[in-house]
Amino acid sequence: MEGNLDMNEKQSGGRANIGTSSLILIFIILCLTIFGLLSLSSAGSDWNLAKKNAQSIAGYYEADNLAVEFTAMVEETLSQCRLASNDEEYRQLVKEKLGSYYQEESGTVQTDIEMPYGQMLHVELEIDWEEDMGYRILAWNVYHSVDYEIDRSMPVWTGSSS
């Protein structure tokens with residue numbers, strides 16, 4: 001009998017050690033799985049942010065390219081209008097050729113070029129009438145064309161069903 005008792009004690013003692021180590025191993029595997037899923041989720045979010053950033057930058061450079069083409073068009077128009085015989089005729093030709101881009105009251109040429117995510121590139125050029133009949137860049141900036149409204153309401157249940 002004594003031999004049997006020793007055998008049972010050894011068996012139960014061994015199982016306790018196997019059970020404890022199994023629980024620790026399961027806990028470690030569970031922790032590693034959770035951290036792996038969190039890392040995967042974070043990497044996916046970073047990837048989406050990087051794609052949006054790339055789209056935004058590409059949109060800016062496309063708009064900037066269009067703005068450079070706009071200034072080249074204004075420069076070409078001004079050089080064509082220089083053939084006018086006097087200042088008044090020159091101003092009239094500039095006004096006719098630039099159309100809605102020309103702001104007579106301020107003596108500037110303006111345009112807004114659409115960009116992604118509700119932004120616009122504003123370009124404003126001042127025509128230099130006195131010196132070289134050229135232009136100066138007054139503004140070349142990005143602004144938000146869409147006013148965002150932040151929803152500050154808080155839907156709190158008051159206890160009634162209606």
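Predicted model: local features only at pLDDT ≥ 70, side-chain atom pairs only at ≥ 80, totals over all residues.
1. Let me take the pair of Lys95 and Glu104 to begin with. Their closest N and O atoms are 3.0 Å apart. Lys95 is partly exposed, with a relative accessible area of 34%. Glu104 is partly exposed too, because its relative accessibility is 49%.

2. The other two salt bridges involve Arg136. Glu126 pairs with Arg136, and here the closest N and O atoms are 2.9 Å apart. Glu126 sits in strand S3 and Arg136 in strand S4 (residues 135–144), so this contact ties together parts that are ten residues apart in sequence. Glu126 has a relative accessibility of 23% and therefore counts as partly exposed, and Arg136 is also partly exposed, at 41%.

3. Arg136 also meets Asp128 in a salt bridge, with an N to O distance of 3.9 Å. That distance is worth a look beside the cut-off, since a salt bridge requires the atoms to be within 4 Å. Asp128 is buried, with a relative accessible area of 9%. Through shared partners, Glu126, Asp128 and Arg136 are joined into one network.

4. Now to the nonpolar interior. In soluble globular proteins, nonpolar side chains tend to be buried together. In this model, the largest nonpolar core has 19 residues, and those touching the most other members are Val94, Val109 and Ile127. At least two residues of this core come from each of H1, H2, strand S2 (108–115) and strand S3 (119–127). Which element gives the most to the core? That is H1, with six residues.

5. Some nonpolar side chains are found at the surface instead. Ile24, Phe27, Ile28 and Leu32 make a nonpolar surface patch of about 420 Å². Leu32 belongs to helix H1, which covers residues 2–81. Is Leu32 buried or exposed? Its relative accessibility is 58%, so Leu32 counts as exposed, given that the exposed class begins over 50%.

6. On aromatic rings, a search of the whole structure finds two aromatic pairs. Tyr60 and Tyr61 form one of them, edge-to-face, with 5.3 Å centre to centre and 75 degrees between the planes. Tyr60 is partly exposed, with a relative accessible area of 28%, whereas Tyr61 is exposed, at 52%.

7. Phe70 and Tyr101 also pair through their rings. The ring centres are 5.0 Å apart and the planes are at 70 degrees, so this pair is edge-to-face. Phe70 lies in helix H1, while Tyr101 is in the loop between helix H2 (87–98) and strand S1 (102–103), so the pair ties together parts that are 31 residues apart in sequence. Phe70 is buried, with a relative accessible area of 7%, and Tyr101 is partly exposed, at 35%.

8. A backbone point to check by eye is Tyr117. Tyr117 has a positive phi of about 60 degrees although it is not a glycine. Where does Tyr117 lie? Tyr117 is in the loop between S2 and S3. With a relative accessibility of 39%, Tyr117 counts as partly exposed.

9. Finally, the cysteines. A disulfide is a covalent bond between the sulfur atoms of two cysteines. How many disulfides does the structure hold? The count is zero. Cys31 counts as partly exposed because its relative accessibility is 24%. Cys81, by contrast, has a relative accessibility of 1% and so counts as buried.

How values were computed. Residues numbered from 1 in each chain as written. Heavy atoms only, no water. Patch = residues over 30% accessible without salt bridge, like charges linked within 9 Å, V, L, I, M, F, W, Y side chains within 5 Å. Areas by Shrake-Rupley, 256 points an atom, 1.4 Å probe, with all protein chains shown as cover. Helix = DSSP H or I, 4+ residues; strand = E, 2+ residues; numbered from the N terminus. Buried < 20%, exposed > 50% of the residue type's maximum accessible area, 1.4 Å probe, protein only. Disulfide = S-S within 2.5 Å. Phe/Tyr/Trp six-rings, centres within 6.5 Å; stacked < 30°, edge-to-face > 60°. Core = buried A, V, L, I, M, F, W, Y, C linked by side-chain atoms within 4.5 Å.
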